[in-house]
Amino acid sequence: MSATQVVVEAPGSHRVEEHTPRDPGPGEALVAVHAVGICGSDREVYQGNRPEGYVRYPLTPGHEWSGTVRAVGAGVPGGLVGRKVVGEGFRNCQVCDRCHAGETTLCTDGYEETGFTQPGAMATTLTLPARLLHVLPDDADLTAAALLEPAACIAAAALKGNAQPGERVAVVGTGTLGMFAVQFLKAISPGELLVVGTRNDREALSRQFGATDFRTRDQKLPDDFDVVIETAGSASAARTAASLLRRGGRLVLTGIPAAGADGLDPTELVVRQLEVHTVFGAPPDAWAHTVRVFGAGLLDPSPLITHELPLTEFPQAIELVGAGDPKVGKVLLRP
């Protein structure tokens with residue numbers, strides 16, 4: 001099969017063209033891409049409504065991916081060649097205070113990310129800094145592993161929530177991120193694991209992943225949970241998540257509502273002494289946690305994948321992701 005790549009020239013305009021692998025320079029690795037996931041932000045790139053400064057055209061998209069290392073540049077351990085890998089997207093500077101603190105998604109050197117401002121994985125190969133790679137077990141399912149980028153974002157939330165065995169935990173939102181949150185929380189042996197969503201058709205999958213209870217947001221909801229992770233991306237979901245907590249409980253917000261959304265009531269936060277955390281992207285410790293949990297068999301992305309298409313069907317894949325069809329889960333492209 002010839003090497004190909006997707007290029008988004010400008011909003012609404014794309015082509016699939018021949019791809020020439022770029023040899024890895026010092027500190028870099030060349031990865032043969034196995035699969036690349038499509039996210040709502042890829043749809044934003046194609047439609048042109050990604051915030052200014054967070055995309056650079058023309059662009060090969062693709063920030064959720066898995067693959068196998070084919071070559072490495074000077075200064076990179078040769079043992080990486082042949083290994084299955086996933087990779088961080090944020091191209092952090094490694095020099096600023098935030099990077100030194102391990103908070104690479106808050107790098108003060110400005111925003112650069114694979115698939116948005118740097119060439120992404122919707123191509124036969126991807127060349128990137130080797131320090132961003134995370135090595136998978138040799139028997140890892142690379143198709144499932146293409147979903148580890150969104151999983152890592154939720155791992156960051158799980159780490160911040162710091163749920164302890166036996167605690168009562170809940171997830172608000174039943175999309176891909178919500179289902180990952182259920183799996184990460186299940187792995188710490190909670191006393192109770194509630195999932196709150198808007199669609200009853202996600203109950204079976206929620207329970208398959210470890211939920212002990214499922215309710216829609218219009219049902220009566222409890223108010224005595226220790227930790228709640230919100231993944232739905234609306235202001236109302238954030239308020240629902242806060243309402244589930246006991247006094248002194250821990251809330252982690254991962255969704256990004258539209259600008260200007262009504263937020264949480266500060267009086268309620270203070271009087272109930274709630275601990276509020278937020279997550280934007282995944283720092284290295286969250287990636288390492290994700291790969292470890294995946295390797296241990298405690299994280300299974302496979303049931304979330306509903307479509308696998310060739311690169312040439314990029315526009316159809318974008319359409320599927322935005323269709324709002326409950327039968328459409330995670331859509332993968334296969335270079």
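Reader: Which residue is the bridge partner of Val252 in strand 13?
Author: That's His277. Strands are DSSP runs of E, at least two residues, and helices are runs of H or I, at least four, numbered from the N terminus. This is a predicted model, where local features need pLDDT of at least 70, side-chain atom pairs count only at pLDDT 80 or more, and totals for chains, interfaces and linings use all residues. Residues are numbered from 1 along each chain as its sequence is written, and side-chain values use heavy atoms, leaving out hydrogens and water.
Reader: How many bridges join strand 12 to strand 13?
Author: Four, and the two strands run parallel. Two strands pair if DSSP finds at least two bridges between them.
Reader: What's the strand order in the sheet?
Author: The open sheet has six strands, ordered 10-9-8-11-12-13, with parallel pairing. Strand 10 (213-216) and strand 13 (275-278) are at the edges with a single partner strand each, so one side of each has no neighbour in the sheet.
Reader: OK, switching to helix 1. Which residues are buried there?
Author: Ser41, Asp42, Val45 and Tyr46. Buried means under 20% relative accessible area, with a 1.4 Å probe and protein chains only.
Reader: What follows helix 1?
Author: Gly48, with a positive phi near 90°.

Key
Buried < 20%, exposed > 50% of the residue type's maximum accessible area, 1.4 Å probe, protein only.
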